[in-house]
Amino acid sequence: MRLPRRSPGLIQNMPGSSRPASLKILRGRIWGSWLIFIGAFLTMHALLAWAGQPGWEALNEWTARLTAVSLNLLGAEAHAEGKIVRSSLVTIEIIRGCTGIHQIMMYVSAVIAYPCRWRPKFIGIGLGIVALLLVTQVRVVSLCYVGSFFPAHFEFAHMVLWQSLAVIITVFLWILWAITMTRDHETRSS
Amino acid sequence: MRLDLRRVCVFGLSAVAFLPLSAFCYALLLPYYEQLLTALANVIFESASSPLSITIGTDGHLVVSRVSETGAGVQESYDPNVLFLNLAILPALLLASPGKLVHRMRAVVLSVPALLALNLLLFLVLLRTRLCLSGDPDQSLCVWAWGILMTSGQVTAVLAWALLSRHAFLPAGSNRRVGAGEPGRNDPCPCGSARKYKHCCGG
């Protein structure tokens, strides 16, 4: 077995990881990755702020249209009017937090911060964004049902439960991507 | 510790399972967190002779009152969930992370006051930033500060979890002290490959 010249990431059986030099590299990479994560996250926030209100409006309307399609698939007659979704269940307005953009930004920053080559990063970002958009749809649609059948619990489900769950799913997706990528690397290097 | 798909799935499912408990405790404690935050923030802003005062509105939102440049009073309302959400997310993530339950519980107990302090700090810094920018919603920097505040609860939870549970997700041996307890050449490799150390990481 040939040892790889460049280790692909943190979460793996890093060849020589018990050696002092590798340990230093590993610890340095952890701190470096955190800094890259924070930098990427703040940069994406800045880009979003630069896009301004038109960018947000477009994002909200697009999410509203997707939600209307999802609700129609489930049999609830729905249609989108701008960022408002009217359905037989409930009428909702899509606002910034409902678009899943914050989770996507967090995930993309984490993928960018992971020390590996760019190709798996691009694949991870593409698949991750699709997965998170699906999660967002599940979230919004389920909240429509909660709002319709359990209106008293809507606020808790909306602001606490689903917000937290979305972050946990984001973390889970990132770890899943990281170990899948590591496994591919191990297969190639052995 | 070798991180495989099964462990990751167990972690994900455990985090989802712990979340309702964590969220319920969070919802119970949120009014106390808010009171603590407003009390501390008001003490700090009073000592800084700032034209800000923070109260809790009837809907539970944090209401920041300030005097604008023209002398008129301006009020901004902040949903406390966006700021304090890390106190619901982090316990669920920590309890689901690999390791002994005692260690995980200890991490949860220790992280809550630390996160409260961090939330207070973030809130004050971002409020000051918005104040310096006159709270103009058309200013990109102001929107930027607002966006960061909106997601600070989520990001700090993830960062704190990554900090506290990093050893659980790193390869075996990476958290050992340098030179201490080096395995013998014929011992099983600590990376979990089931091969001898000399044929694996020690080769």
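Q: Is Gln137(A) buried or exposed?
A: Gln137(A) counts as buried, because its relative accessibility is 10%. Buried means under 20% relative accessible area, exposed means over 50%, and partly exposed is in between (1.4 Å probe, protein chains only).

Q: What kind of model is this?
A: The model is predicted: local features need pLDDT of at least 70, side-chain atom pairs count only at pLDDT 80 or more, and totals for chains, interfaces and linings use all residues. Residues are numbered from 1 along each chain as its sequence is written, chains are lettered from A and ligands numbered from 1 in the order in which they are written, and side-chain values use heavy atoms, without hydrogens and water.

Q: Back to Gln137(A). Which helix is it in?
A: Gln137(A) belongs to helix H3 of chain A, residues 118-149. Helices (H or I, at least four residues) and strands (E, at least two) are DSSP runs, numbered from the N terminus.

Q: And what does Gln137(A) touch?
A: Leaving out residues up to four places away in sequence, Gln137(A) touches Thr63(A), Leu66(A), Thr67(A) and Ser70(A). A contact means heavy atoms within 4.5 Å.

Q: What about Gln53(A): where is it found?
A: Gln53(A) sits in helix H1 of chain A. With a relative accessible area of 43%, Gln53(A) is partly exposed. From Gln53(A) to Thr43(A) is ten residues in sequence and 17 Å in space, C-alpha to C-alpha.

Q: New topic: chain B. How many helices and strands are there?
A: Chain B has five helices and three strands. Their order along the sequence is α-β-β-β-α-α-α-α. Of its 203 residues, 48% count as buried.

Q: Which residues of H3(B) are buried?
A: Eleven of the eleven residues of H3(B) are buried, so H3(B) is largely enclosed by the rest of the structure. Among them are Asn86(B), Pro91(B) and Ala96(B).

Q: How many residues does H5 of chain B have?
A: H5(B) has 25 residues, 140-164. From first C-alpha to last, H5(B) reaches 34 Å, close to the 36 Å expected at 1.5 Å a residue. The expected span is 1.5 Å times one less than the number of residues.

Q: Where does H5(B) bend?
A: H5(B) bends by about 55° at Ser152(B). The bend is the angle between axes fitted to the seven residues ending there and the seven starting there. H5(B) is mostly covered, with 18 of its 25 residues buried.

Q: Which element gives the most to the lining of the second largest cavity?
A: H5(B), with five residues. The lining includes Trp56(A), His102(A), Trp144(B) and Met150(B). About 80 Å³ of space lies in this cavity. Grid points are joined across faces, edges and corners, and a volume is the space filled by probe spheres set on the points.

Q: And the largest pocket: what is its volume?
A: The largest pocket has about 770 Å³. It is lined by 34 residues, and one of those nearest its centre is Leu159(B). H4(B) gives the most to this lining, with ten residues.

Notes:
1 Å grid on protein atoms, 1.4 Å probe; cavity = no way out; pocket = protein on both sides within 12 Å on 5 of 7 lines; lining within 4 Å.
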